[in-house]
Amino acid sequence: MSNVPQQGRNTRSFLARGALLAAVLPAFAIVLSACSTATPATDSVVTTFIVVRHAEKATDDAKDPSLSDLGLQRAKRLAVRLDREPLVAAYATGFRRTRQTAQPTADAHRIAITAYDAPLPAAAFASQLRAAHERGSVLVVGHSNTVPDIVAALSGTPVEAMTEQQFDRLYRVSIGGDGNATLVEERY
């Protein structure tokens with residue numbers, strides 16, 4: 001056997017590998033650039049409103065009940081669920097059950113709970129929230145008769161009414177830099 005044919009095969013193999021590298025390297029560079037820490041595009045999520053109803057209430061006070069043991073457990077689960085969320089604010093009405101629902105999460109994030117007026121029209125409250133929070137995540141704890149309207153006002157999407165037995169709904173309204181909102185309903 002002569003060395004010339006073997007040398008030709010090695011040259012072709014080397015050229016084929018070079019062509020493959022030339023094709024793969026640009027794609028690899030694109031993937032790496034997607035992992036960079038550059039400023040997000042204008043349509044990416046910049047603010048997220050997490051809206052929940054207060055947890056299960058006790059029967060200790062007809063006008064302003066506190067949370068039951070089950071409700072306290074749910075409030076702790078909410079804090080665990082939102083542990084990695086970049087919360088910048090927490091809102092609750094003046095009732096004990098809403099404050100107690102928000103408290104474990106607020107404590108975990110070292111933020112104060114801001115009281116809001118439960119009878120305030122949802123559209124007005126949503127407008128205040130959007131104006132006050134241009135970045136980060138915001139927890140809002142309301143009531144079965146206010147949460148759907150608040151979520152609808154924030155998202156621009158109709159939201160089904162809640163029953164008195166529904167305590168596990170978590171609504172995530174994400175607002176992009178372009179002002180468009182997306183709504184995701186979860187359970188916790």
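F125 is buried, at a relative accessible area of 2%, where buried means under 20% relative accessible area, exposed over 50% and partly exposed in between (1.4 Å probe, protein chains only). The exercises below start from this residue. The model is predicted: local features need pLDDT of at least 70, side-chain atom pairs count only at pLDDT 80 or more, and totals for chains, interfaces and linings use all residues. Residues are numbered from 1 along each chain as its sequence is written, and side-chain values use heavy atoms, with hydrogens and water left out.

**Exercise 1. The rings around F125**

Task: Find which rings pair with that of F125, and classify each pair as stacked or edge-to-face.

Solution. 

Step 1. Rings of Phe, Tyr and Trp (its six-membered ring) pair if their centres lie within 6.5 Å; planes under 30 degrees apart count as stacked, over 60 as edge-to-face and the rest as tilted. A search of the whole structure on these terms gives 2 aromatic pairs.

Step 2. For Y91 and F125, the ring centres are 6.0 Å apart and the planes stand at 75°, so this pair is edge-to-face. Y91 belongs to strand β2 and F125 to helix α4, 34 residues apart, and the pair thus links distant parts of the chain. Helices (H or I, at least four residues) and strands (E, at least two) are DSSP runs, numbered from the N terminus.

Step 3. For Y116 and F125, the centres are 4.1 Å apart and the planes at 15°, so this pair is stacked.

Step 4. Together, the ring pairs link Y91, Y116 and F125 into a cluster. Y91 is buried at 11% relative accessibility, and Y116 is buried with a relative accessible area of 9%.

**Exercise 2. The two sides of helix α4**

Task: Determine which residues of α4 are buried, and what covers them.

Solution. 

Step 1. Helix α4 spans residues 122-132, and its buried residues are A122, F125, A126 and L129.

Step 2. These residues cover an arc of only 100° around the axis, which puts them on the same side of α4. The arc is that of the directions from the helix axis to the C-beta atoms.

Step 3. A123 and A131, on the other side of α4, are exposed.

Step 4. The cover over the buried residues includes β1 (45-53), β2 (87-92), β4 (136-142) and α5 (147-155). Contact means heavy atoms within 4.5 Å.

**Exercise 3. I175 and A161**

Task: State whether I175 and A161 are buried or exposed, and list their contacts beyond four places in sequence.

Solution. 

Step 1. I175 lies in strand β5 (residues 169-176) and counts as buried, at 8% relative accessibility.

Step 2. Apart from residues up to four places away in sequence, I175 touches S44, V45, V46, T47, F49, R130, L154, N180 and A181. I175 and L154 are 21 residues apart along the chain, with 8.7 Å between their C-alpha atoms.

Step 3. A161 sits in the loop between α5 and β5 and is exposed, with a relative accessible area of 59%.

Step 4. From A161 to V147, 14 residues apart in sequence, the C-alpha distance is 8.6 Å.

**Exercise 4. Arginines**

Task: Identify which rings R74 and R97 lie over, and describe the backbone at R110.

Solution. 

Step 1. A charge sits over a ring if NZ of Lys or CZ of Arg is within 6 Å of the ring centre and within 35 degrees of the ring normal.

Step 2. R74 has its charged end over the ring of Y188, 5.5 Å from the centre. R97 lies over the face of F95, 4.9 Å from the ring centre.

Step 3. R110 is not a glycine, yet its phi is positive, about 55°. R110 is located in the loop between α3 (96-109) and β3 (113-115), and is exposed at 78% relative accessible area.

**Exercise 5. The whole chain and its confidence**

Solution. 

Step 1. Of its 188 residues, 38% count as buried. Among contacts between residues at least 6 apart in sequence, 68% join residues at least 24 apart.

Step 2. The average pLDDT (the predictor's confidence in each residue, from 0 to 100) is 85, and 77% of the residues score at least 70.

Step 3. Where pLDDT is low, the predicted coordinates should not be read in detail.
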